[in-house]
Amino acid sequence: MSFFGKMFGKKGEQAPTTGEAIQKLRETENMLIKKQEFLESKIEAELDIARKNGSKNKRVAIQALKRKKKYEKQLQQIDGTLSTIEMQREALESANTNTAVLTTMKNAADALKAAHNNMDVDQIHDMMDDIAEQQNIATEISDAISNPVSFGQDIDEDELEKELEELEQEELDKELLGVGPSATELPEVPSDEIKEKAKEKKKGLYSQCNILSRNYLWSLCMTHALKTRFLQQLRPPIRMTKTSKS
């Protein structure tokens, strides 16, 4: 088997999923980052050796700088590889997201199609018409139940009014002819009780009148006193002068 066959697998082998490929790229990326940190530490160490031996041992310092250059070249290669891997990983992640979204949308479309397979537009319209018709019937039934039952509507109202007028005329004739109860049958009203109530009412009125009169007189007196006091305050004081004897 060739090198590329060992590296990339056989031609007929099944390709890995996007999730597996993303995981492999992340592992490779972490490995290269660790290698990058190792090379950076080696470069710093070689720089320290070159500084220490710059004036003492030139050969050692030059060898340290050569190794530093080699590490820097490897570090530059790793930086390029990391950039490529990062771009590839981001592309795979985007493709994986798009695949998941498309799969979800396809499943939703299939479910919607399956739900509509058992539905017919004409049948739905017929069903809605039946529902509207039944609703109208239910409304008519409710209106009929809510109206009062019209028992006795076959009786003539004019006849009833005529009968009522006859009854009123009969009562009027009885009153005119004195057929009703006589005055001697009326209950007697106790005259003493009426007189006592009249006297008590008069006494109450007299007492109320007296109270009102006293209140009115008291208010007049207070008004007069206040008015007099106010006028005295407004009047200027009279000065007494002694007249000389002529």
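In this predicted model, helix 2 and helix 3 cross in a left-handed manner. The contact between helix 2 and helix 3 draws on several classes of residue: 20 are nonpolar, 13 are charged and seven are polar. Two packed helices are described by the angle between their axes and the distance between the axes. For helix 2, which covers residues 18-52, and helix 3, which covers residues 58-117, the axes come within 8 Å, and the crossing angle is roughly 160°. Angles over 145 degrees count as roughly antiparallel, so helix 2 is roughly antiparallel to helix 3.

Phenylalanine 38 belongs to helix 2. Is phenylalanine 38 exposed or partly exposed? Its relative accessibility is 44%, and phenylalanine 38 therefore counts as partly exposed, since that label covers values between the 20% and 50% cut-offs. In the sequence, 37 residues separate phenylalanine 38 from leucine 75, while in space the C-alpha atoms of phenylalanine 38 and leucine 75 are 9.4 Å apart.

Stepping back to the chain, how many helices and strands does it contain? There are six helices and zero strands, and reading along the sequence gives the pattern α-α-α-α-α-α. The chain has 246 residues, of which 8% are buried. Its exposed surface comes to about 22,800 Å², with carbon and sulfur atoms supplying 57% of that area. Contacts in the chain can also be sorted by separation along the sequence.

Conventions:
Residues numbered from 1 in each chain as written. Predicted model: local features only at pLDDT ≥ 70, side-chain atom pairs only at ≥ 80, totals over all residues. Heavy atoms only, no water. Helix = DSSP H or I, 4+ residues; strand = E, 2+ residues; numbered from the N terminus. Buried < 20%, exposed > 50% of the residue type's maximum accessible area, 1.4 Å probe, protein only. Areas by Shrake-Rupley, 256 points an atom, 1.4 Å probe, with all protein chains shown as cover. Axes fitted to C-alpha atoms, helices over the stretch in contact; angles between N-to-C directions. Parallel < 35°, antiparallel > 145°, perpendicular 65-115°, else oblique. Left-handed = near helix turned anticlockwise from the far one by under 90°. Nonpolar A, V, L, I, M, F, W, Y, C, P; charged D, E, K, R; others polar.
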